[in-house]
Amino acid sequence: MEVFQMSNFCLQPRGDTYTRRSTFDSILAGCIPVFFDTRTAYDQYIWHLPKNYSKYSVFIPKNAILNGTEDQIEKILSGISRDQVLAMRGEVISLIPKVIYANPSSRLETLEDAFDFAIKGVLERVEAIRKDIKENKTLEMGFHAVTVIGLPLFLLLNLVLAHAEIPTTLEGPFKPVTVPLDNNFRGLATDLPDTDPRVQRKVTGFEPEQISVSLSTNHDSVWISWITGEFQIGNNIEPLNPETVRSVVYYGKLKSGLTHKAKGDSLIYNQLYPFEGLQNYTSGIIHHVRLTGLKPNTVYYYQCGDPSIPAMSNVSYFKTMPVSGPRNYPKRIAVVGDLGLTYNTTSTISHLMRNHPNLVLLVGDVTYANLYLTNGTGSDCYSCSFPQTPIHETYQPRWDYWARFMQPLVSKVPIMVIEGNHDIEQQAGNLTFASYSSRFAFPSEESESSSTLYYSFNAGGIHFIMLGGYIAYNKSADQYKWLERDLAKVDRKVTPWLVATWHPPWYSSYKAHYREAECMKVAMEELLYKYGVDMVFNGHVHAYERSNRVYNYTLDPCGLVYITVGDGGNREKMAIPHADEPGNCPDPSTTPDGYMGGFCAYNFTSGPAAGKFCWDRQPDYSAYRETSFGHGILEVKNETHALWSWHRNQGMYNMAGDQIYIVRQPDRCPVGPKILKEVPNMDCFAR
Ligand SMILES: [Fe+2]
């Protein structure tokens, strides 16, 4: 069984009886059975197991082996993608509660087989863990269970735990939990190559591709974006004229009746490097069309393109957000960060899609095109591999690949993006964020922001504030003034929930980027706290972490909950070391980010880490941290309760690695501007 548990595929022997027993063991171990002969348990699927056998087993006709080469089996099995293997193992594991190995004539109610014993053990362990959770002890014991009872049964345990009581922030602050690194996870992420069919251009001429939907400020309006024509990269590029292709969307509530028409604008952008030997890029024509007058919570069908060519897309659809109000919320909002376009990204997105979100938030670092030179040579670490380049280069086609890969999701589910450091992409003339700002539609104008780098919008009873970590944020900056105005306008009777997102986290305990955004924290934290922002989503640190309610490094029942989800799957390294581990505390002078500028991270002045730059144990503000790829799902239930679930890629899509009800207490924590004691002005220089 131990060998089975460590294997993805378990080859099944010939013969009816042997195979049947072996198949049972294989399923119990979460291993995908592989059959070679139909005169085995294979024929008995229809008796005992679901008919969709290709979802949880592999059949290789024995004649194919006899006539082939010796390594035929290995070739066939290694041709099955990791995502498929993961999905199949998930199916196998889901069969565990349904299978029992016994003689049909035996009196099963008196028979305790291995499965009964295992379940009994699992239930005893569940009870012990529930007891520990109630007593607020560490969850680590549950994770040791993996080695004791094996992965499939541990997943089953998770399933049972899922029905256990979910903790709420009212029971906090929680004792900090660090989940040990799971060696089953794939830490190495490899980019999808340009030969992958999912990133290749499938349209011809000026037919639309890279189609996406994003929200405007309210339920009654959305943006449809797409690209027509081909990008060019090289030394002699000739930008397309955006006026040559129209921007039209036909839409309506019936697939057969797209009776409404909206027109929009088009643009191109260039990524230019005035250095010998570097290649320049000019984009296809990017179209953005805003649809208005939409009904709430309604499915609309649409087709985009230029009808005069004619070059129109296939019909797709999206659903509008509910009307803003204290009882109306989108069911599920997916939150991801630092995606990139690797085989881990594909795993994250496939898990995310199976959770059927109504909206996707991407908290910065979109494509990681800036890990490539303009000639298409990439590296997991740009500065290590290309230290001598005259400017930090990018390979812009990665943006086109990313948008093609994402189209099946984001042409139906609105995506809202905020910028990360990998999206800066400096080019000739000190121009930055050209690709980010051109490719996505942002409700900047609608939310009275003067920049694509910060804006706000409503999704039902939630007001989202998207902030820019890589544009000036000090009190004298436009962004700060806009934020003050935006917060003052929020009516918490209409949008009780206030959620902020930006890329670099303020409350992270990993060594990577530790206290890097401290100047932004110093500038803005008080304002967000005063207005009672409920929670914050960040990326940047390639791991997962959830904070206790905290303000100014102090546990505070009215403080914000900070969640870092920089674990989308990009090709850079995962964040594993913690700043509180011996020898891992960075030198303060090395912590500021070059682009953000400034230095504000001084030693703590109070609390258990007073006088130090790092804690010597997991900080009290950190409630839960784990290094794993994954995504989060936010389900706001009503004006006081929101369920947050974080899903690891190596688990089933619907199993939560971390789960908590974030509970608002408007009576205890006023939502208007709070009167705070005067604090010394710690404002400092930043761009
Ligand atoms: Fe980042």
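# Exercises on a predicted model

Of the protein's 687 residues, 45% count as buried. The model is predicted. It contains 15 helices and 31 strands. Among contacts between residues at least 6 apart in sequence, 73% join residues at least 24 apart.

## Exercise 1. Two helices

Task: Find how helices H14 and H15 are oriented to each other, and which residues meet where they pack.

Solution. 
Step 1. Locate the helices: H14 covers residues 478-489, and H15 covers residues 518-530.
Step 2. Take the geometry. The two helices pack at an angle of about 10°, and their axes are 11 Å apart.
Step 3. Apply the cut-off: angles under 35 degrees count as roughly parallel. H14 is therefore roughly parallel to H15.
Step 4. List the residues. On the H14 side these are Tyr480, Leu483, Glu484 and Leu487, which meet Ala523, Met524 and Leu527 of H15.
Step 5. Sort the residues by class: the contact of H14 with H15 has 6 nonpolar, no polar and 1 charged residues.

## Exercise 2. Nonpolar cores

Task: State how many residues the largest nonpolar core has, and examine the surroundings of valine 360.

Solution. 
Step 1. Give the count. The largest nonpolar core has 127 residues.
Step 2. Pick out the residues with the most contacts inside this core: Ile224, Val335, Val360, Leu361, Leu362 and Leu560.
Step 3. Look at valine 360. Leaving aside residues up to four places away in sequence, valine 360 touches Ala334, Val336, Val410, Val413 and Ile415.
Step 4. Note that a second, separate core has 13 residues, including Phe9, Ile27, Ala29 and Met88.

## Exercise 3. Alanine 441

Task: Decide whether alanine 441 is buried or exposed, and find what surrounds it.

Solution. 
Step 1. Count neighbours. Alanine 441 has 25 C-beta neighbours inside 10 Å, so it counts as buried.
Step 2. Name the contacts. Beyond residues up to four places away in sequence, alanine 441 touches Ser214, Trp223, Ser225 and His288.
Step 3. Alanine 441 and isoleucine 224 are 217 residues apart along the chain, while their C-alpha atoms are separated by 7.8 Å.

## Exercise 4. Backbone exceptions

Solution. 
Step 1. Start from the general rule: most residues other than glycine have a negative phi, and most peptide bonds are trans.
Step 2. Proline 173 sits in the loop between helix H9 (151-162) and strand E4 (177-178).
Step 3. Proline 310 belongs to the loop between strand E14 (299-306) and strand E15 (311-312).
Step 4. Turn to asparagine 430. Asparagine 430 lies in the loop between strand E19 (415-417) and H13, and with 6 C-beta neighbours inside 10 Å it counts as exposed.
Step 5. Glutamate 448 is in the loop between H13 and E20; with 14 C-beta neighbours inside 10 Å, it counts as partly exposed.

Technical notes. Residues are numbered from 1 along each chain as its sequence is written. This is a predicted model: local features need pLDDT of at least 70, side-chain atom pairs count only at pLDDT 80 or more; totals for chains, interfaces and linings use all residues. Axes are lines fitted to C-alpha atoms, for helices over the stretch in contact, and angles run from 0 to 180 degrees between N-to-C directions. Helices (H or I, at least four residues) and strands (E, at least two) are DSSP runs, numbered from the N terminus. Angles under 35 degrees count as roughly parallel, over 145 as roughly antiparallel, 65 to 115 as roughly perpendicular and the rest as oblique. Two residues are in contact if their C-beta atoms, placed from the backbone, lie within 7 Å. Ala, Val, Leu, Ile, Met, Phe, Trp, Tyr, Cys and Pro count as nonpolar, Asp, Glu, Lys and Arg as charged, and the others, Gly among them, as polar. A nonpolar core is a set of buried Ala, Val, Leu, Ile, Met, Phe, Trp, Tyr and Cys residues joined through C-beta atoms within 7 Å. A residue is buried if 20 or more other C-beta atoms lie within 10 Å of its own, exposed if 12 or fewer, and partly exposed in between; C-beta atoms are placed from the backbone.
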